[in-house]
Amino acid sequence: MKTNKYVEELKGKSVSELNTELVAAKKELFNLRFQNATNQLDNTSRIKDVRKNIARIQTVIAEKAKLA
């Protein structure tokens with residue numbers, strides 16, 4: 001599965017790298033929402049994918065914080 005590989009990739013990163021990726025994902029989500037509001041977004045399912053990726057990143061960060 002593609003998502004399992006993505007999660008394993010996330011688990012291999014440090015917390016600072018995860019925070020950087022989280023900020024980038026949140027910026028992407030903001031831009032997608034803005035495009036959707038102005039009817040410029042073609043692939044609306046991308047919003048859902050980015051939201052799930054943000055949740056995955058936050059989950060991995062929480063797991064790492066629990067272990068530390």
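Serine 14 counts as partly exposed, because its relative accessibility is 33% (buried is under 20% relative accessible area, exposed over 50% and partly exposed in between, with a 1.4 Å probe and protein chains only). Serine 14 sits in the loop between α1 and α2; helices here are DSSP runs of H or I with at least four residues, strands are runs of E with at least two, and both are numbered from the N terminus. Along the chain, serine 14 and lysine 64 are 50 residues apart, yet 8.8 Å separates their C-alpha atoms.

Some ground rules first. The model is predicted, so local features need pLDDT of at least 70 and side-chain atom pairs count only at pLDDT 80 or more, while totals for chains, interfaces and linings use all residues. Residues are numbered from 1 along each chain as its sequence is written, and side-chain values use heavy atoms, with hydrogens and water left out.

On confidence, the mean pLDDT of the protein is 95, and 99% of its residues reach 70 or more (pLDDT is the predictor's confidence in each residue, from 0 to 100). Confidence is lowest in α1, with a mean of 89, and highest in α2, at 98. Where pLDDT is low, the predicted coordinates should not be read in detail.

As for the overall layout, the protein has three helices and zero strands, giving the pattern α-α-α when read along the sequence. Its C-alpha trace spans about 45 × 25 × 15 Å along the principal axes. Of the 68 residues, 24% count as buried. Taking contacts (heavy atoms within 4.5 Å) between residues at least 6 apart in sequence, 62% join residues at least 24 apart.

The pairing of α2 with α3 comes next. These two helices pack at an angle of about 160°, and their axes are 9 Å apart. Axes are lines fitted to C-alpha atoms, for helices over the stretch in contact, and angles run from 0 to 180 degrees between N-to-C directions. α2 and α3 are therefore roughly antiparallel to each other (angles under 35 degrees count as roughly parallel, over 145 as roughly antiparallel, 65 to 115 as roughly perpendicular and the rest as oblique). Their crossing is left-handed, a label used if the near helix is turned anticlockwise from the far one by less than a right angle, with right-handed used if clockwise. On the α2 side the contact includes Val15, Leu18, Leu22, Ala25, Leu29 and Leu32, and among the α3 residues they meet are Ile47, Val50, Ile54, Ile57 and Ile61. Sorted by class, the contact of α2 with α3 has twelve nonpolar, three polar and seven charged residues. Here Ala, Val, Leu, Ile, Met, Phe, Trp, Tyr, Cys and Pro count as nonpolar, Asp, Glu, Lys and Arg as charged, and the others, Gly among them, as polar.

Two residues of this contact can be followed up. Leucine 32 belongs to helix α2, residues 15-37, and is buried because its relative accessible area is 9%. Leaving aside residues up to four places away in sequence, leucine 32 touches Leu41, Arg46, Ile47 and Val50. Leucine 32 and valine 50 are 18 residues apart in sequence and 9.1 Å apart in space, C-alpha to C-alpha. Isoleucine 47, in helix α3, is also buried, with a relative accessible area of 13%. Beyond four places in sequence, isoleucine 47 touches Leu29, Leu32, Asn36 and Leu41. The contact is made by Thr3, Tyr6, Val7, Leu10 and Lys11 of α1 together with Asn53, Arg56, Ile57, Val60, Glu63 and Lys64 of α3. These residues divide into five nonpolar, two polar and four charged. Tyrosine 6 of helix α1 touches Glu21, Asn53, Arg56 and Ile57, not counting residues up to four places away in sequence. The C-alpha atoms of tyrosine 6 and asparagine 53 are separated by 9.0 Å, although the two are 47 residues apart along the chain.

Asparagine 39 has a phi near 60°, a positive value in a residue other than glycine. Most residues other than glycine have a negative phi. Asparagine 39 counts as exposed, because its relative accessibility is 70%.
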